[in-house]
Amino acid sequence: DCKWAAETNREAVATAVQRVAGMLQRSDQLDKVEQYRRREARKKASVEARLKAAIQSQLDGVRTGLSQLHNALGDVKDIQNSLADVSKDWRQSINTIENLKDVKDAVVQHSQLASAVENLKNIFSVPEIVADTQVLIEQAELLEAHRKLMDLECSRDDLMYEQYRMDSKNTHDMNLIRNYFGEVQGLSDDLAKQLWMVLQRAMGTVRRDPTMLVSVVRIIEREEKIDRRMLDRKKQTGFIPPGRPKSWKEKMFEVLEGTVTTRIEGSQSVTREADKMWMVRLLEITRKYVLDDLIVVKNLMVQCFPPHYNTFDRFFKLYHNAVSMRVQELAAEDLEANEIVSLLTWVLNTYKSEEMMGHPELLTEYDINLMDPLLPQEVVDELLSKYLQTFTSNITGWLRKALETDKKDWFKETEPEADQDGYYQTTLPAIVFQMFEQNLQVAAQINETFKEQVLKLCLKQMNSFLVRYREEAIAYKEDHLRDRQLPQCYVQYMIAIINNCHTFKESINSLKKKYFKSTEPTQNDAAIEKTLNDVAKDGCQFLLDEVFLDLEHHLNELLTRKWLTGTHAVDTICVTVEDYFNDFARIKKPFNTEMTSEAHRRVVVEYIKAVMQKRITFKNADERREGADRMIKEAEQFKFLFKKLTAGEETDRLCDAIAAIAEVFKLTDPTLLYLEVSTLVSKYPDIREEHIVALLAMRGDASRDMKQMIMETLNQNKPTYSGITQPIFKDITVPTAWTVVLKDL
């Protein structure tokens with residue numbers, strides 16, 4: 001401590017020296033030394049005064065604490081002495097307490113007697129009160145009946161409780177009381193039946209007499225309070241009266257749930273056997289019942305129940321659950337396709353719409369989106385799958401039947417109907433797409449995804465149907481070829497078949513535009529397009545075959561001796577073609593245009609084929625000139641005809657091939673023959689060597705050497721014809737005899 005004090009003194013002196021040095025840094029400050037000394041003396045006196053005050057305060061506190069501890073010690077000793085006295089008195093009073101057991105028993109007996117005296121009036125009048133209560137129940141005076149019932153139960157319960165307190169094992173006295181009040185339980189049951197009856201008719205009661213419903217709720221609330229009180233007493237004493245807890249509130253909700261379920265289940269008034277539209281009627285009745293009832297609940301019934309019941313929410317859920325159970329039962333039945341659609345449309349759309357649970361009056365009270373779906377998704381998927389299976393089967397049958405009906409029309413003796421533009425058609429496209437349209441409209445009622453599924457299925461079935469359609473068109477042609485006199489309107493109905501392809505295309509595009517959001521092509525589009533084009537192409541080919549069967553005899557006359565001397569074969573050909581094409585004018589574009597071009601090409605090809613078949617060999621220059629002039633004239637006839645049929649379109653190139661061949665025949669100087677042949681080859685590069693040989697042979701004046709020279713020269717300068725859009729000679733074959741001649745060359 002001394003060392004610490006010495007160190008402290010040294011630090012204090014050092015601090016003081018430093019402080020004085022700071023105050024006396026200049027010479028003029030020496031005059032103020034006395035002033036500085038007085039100021040420091042005042043500060044020192046102030047600090048010493050504060051230290052003294054603090055030390056004195058602490059000393060006072062210590063003194064006070066010691067005094068209080070001394071007092072506390074005295075109190076503890078007093079308490080200890082008092083406890084010793086109490087313990088001594090308690091030991092002395094044990095015998096006295098045991099002697100008071102008789103008093104305790106007397107107190108219990110007095111309590112029982114007091115309870116009996118209190119309920120004496122009710123005890124003696126139990127039979128009378130029971131009878132009165134029974135009458136009140138029968139008269140539907142429920143509140144008054146319940147008041148009397150509570151009095152009876154209260155008397156019984158108090159007596160039984162006192163007996164239980166006195167001797168809980170005395171079952172004889174307990175049974176005596178229970179038997180005396182035996183009819184009370186029957187009254188309680190009868191009253192409960194009346195309450196449940198009112199609740200079962202709650203929808204009607206709340207409209208007709210809402211006070212009755214309020215009385216029922218009040219009675220149930222009273223019983224709930226008594227139940228809670230009895231249960232609390234049971235926890236304390238172990239005693240609970242017979243029939244408790246009644247749990248009438250819980251039973252009330254069960255009755256209401258059963259009432260809602262019965263109302264929903266009882267809405268089916270018709271069966272499938274009695275009415276094919278039974279499903280629609282059932283769902284509409286259910287919709288009306290549910291909506292009307294919930295509006296009544298919102299506007300009337302909510303006022304009859306305490307707010308904490310959340311009456312509207314409770315009824316909303318009850319109806320939702322009841323409807324869900326009912327539609328699940330319906331979904332489990334063996335439903336037909338139209339019934340599946342009706343059910344799913346109602347479940348997925350109508351149920352949440354403004355027509356039902358989404359009604360404006362209900363939206364303010366509950367959000368239907370918070371409820372579980374009426375049908376689980378797997379059930380919905382199963383129904384949709386079943387519908388698609390049924391639809392696939394049905395539509396296959398419908399299409400087959402529609403085609404069979406259309407086929408019967410093909411053999412009629414009357415022409416097919418024409419549309420407003422005069423084009424022949426049958427009713428097949430309209431029937432088919434009316435079926436598709438109806439089913440797509442139905443599918444659209446369910447949802448967008450299902451609608452597109454049905455559309456894809458329709459297109460898939462359409463593709464299969466068109467394949468059968470093509471097969472039937474081919475069979476129709478083959479039947480006709482066996483007897484060309486039958487059917488009488490073969491040409492007209494074949495035209496209608498071709499036009500139907502155009503109608504099918506338009507209808508398919510219309511359906512896709514209307515019912516398919518995506519612009520992407522479906523997997524069946526290409527196949528359908530190809531099959532329709534094939535059917536139309538086949539039809540056009542069959543009609544041209546029909547034309548050329550009639551022209552066959554006249555085509556065989558071309559480039560013969562008879563033709564050279566004078567014949568009307570080409571005149572007849574032109575008249576026949578024009579006559580047919582008057583009917584073909586009823587073919588829609590583009591098939592009409594394509595068919596005219598093909599007929600033009602085919603006539604020219606058949607004419608050139610006649611040239612290549614060496615039906616005639618010119619004997620001299622006069623015959624060559626005469627034949628060439630006739631060929632040029634007939635080429636002009638063909639030009640005129642097909643220009644007329646194509647409404648003035650360019651038709652020269654094909655017919656000019658005939659004129660070009662005629663120029664080869666018409667040439668009088670054989671030495672120039674190579675030039676003429678070269679011109680022909682340059683115009684028609686698809687011409688082959690055998691064609692040139694056949695032409696030279698038909699001239700009749702070309703020597704072997706000349707033929708060989710012409711062929712060799714042409715081979716050296718052979719043009720390509722890969723870019724020709726409409727080759728003529730490509731499909732013209734030359735008889736075998738000319739091939740042999742070519743080999744000789």
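K614 is found in the loop between helix 23 and helix 24 (621-645). In this predicted model, K614 has a positive phi of about 50° although it is not a glycine. Most residues other than glycine have a negative phi, and most peptide bonds are trans. With a relative accessibility of 37%, K614 counts as partly exposed. A140 is another residue other than glycine with a positive phi, in this case near 65°. The loop that holds A140 runs between helix 5 (126-138) and helix 6, and A140 is partly exposed because its relative accessible area is 28%.

The bond from K589 to P590 is cis, with omega near 5°, and P590 sits in the loop between helix 22 and helix 23. The bond from R244 to P245 is also cis, with omega near -5°. P245 belongs to the loop between helix 10 (210-237) and helix 11.

Side chains of opposite charge can pair when their charged atoms come close. H146 lies in helix 6 (residues 142-166) and is buried, since its relative accessible area is 0%.

The loop between helix 22 (569-584) and helix 23 (591-612) also holds K588. K588 forms a salt bridge with D419, and the closest N and O atoms are 3.8 Å apart. D419 lies in the loop between helix 16 and helix 17 (428-444), so the pair ties together parts that are 169 residues apart in sequence. Both K588 and D419 are buried.

Other salt bridges form within a helix. By the rule used here, the structure has 44 salt bridges. The side chains of R482 and D479 meet in one of them, at 2.1 Å from N to O. R482 and D479 both lie in helix 18 (residues 448-482), three residues apart, about one turn of the helix. R482 counts as exposed because its relative accessibility is 62%, whereas D479 is partly exposed at 32%. K407 and E404 form a salt bridge at 3.8 Å, N to O. These two residues are in helix 16 and, being three residues apart, are separated by about one helical turn. E404, with 36% relative accessibility, counts as partly exposed.

How many aromatic pairs does the structure hold? There are 25 aromatic pairs in the structure. W196 and W248 form one that is edge-to-face, with 6.1 Å from centre to centre and 80° between the planes. This pair links distant parts of the chain: W196 is in helix 8 (residues 182-200) and W248 in helix 11 (residues 248-265), 52 residues apart. Both W196 and W248 are buried. The rings of Y387 and F391 have their centres 6.0 Å apart and their planes at 5°, so that pair is stacked. Elsewhere, ring pairs join W410, F411, F433, F436, F465, Y469, Y476, Y490 and F504 into a cluster.

R314 lies over the face of F253, at 3.7 Å from the ring centre. In another case, R630 lies over the face of W563, at 5.9 Å from the ring centre.

Last comes the surface. Which residues make a nonpolar surface patch of about 320 Å²? V62, L66 and L69 make the patch. L69 is found in helix 2 (residues 33-98) and counts as exposed because its relative accessibility is 60%, where the cut-off for exposed is over 50%.

Notes:
Residues are numbered from 1 along each chain as its sequence is written. This is a predicted model: local features need pLDDT of at least 70, side-chain atom pairs count only at pLDDT 80 or more; totals for chains, interfaces and linings use all residues. Side-chain values use heavy atoms; hydrogens and water are left out. Patches are made of residues with over 30% relative accessible area and no salt bridge: like charges are joined within 9 Å, nonpolar side chains (Val, Leu, Ile, Met, Phe, Trp, Tyr) within 5 Å. Accessible areas come from the Shrake-Rupley method with a 1.4 Å probe; for residues, only the protein chains shown count as cover. A salt bridge is a side-chain nitrogen of Lys or Arg within 4 Å of a carboxyl oxygen of Asp or Glu. Helices (H or I, at least four residues) and strands (E, at least two) are DSSP runs, numbered from the N terminus. Buried means under 20% relative accessible area, exposed over 50%, partly exposed in between (1.4 Å probe, protein chains only). Rings of Phe, Tyr and Trp (its six-membered ring) pair if their centres lie within 6.5 Å; planes under 30 degrees apart count as stacked, over 60 as edge-to-face and the rest as tilted. A charge sits over a ring if NZ of Lys or CZ of Arg is within 6 Å of the ring centre and within 35 degrees of the ring normal.
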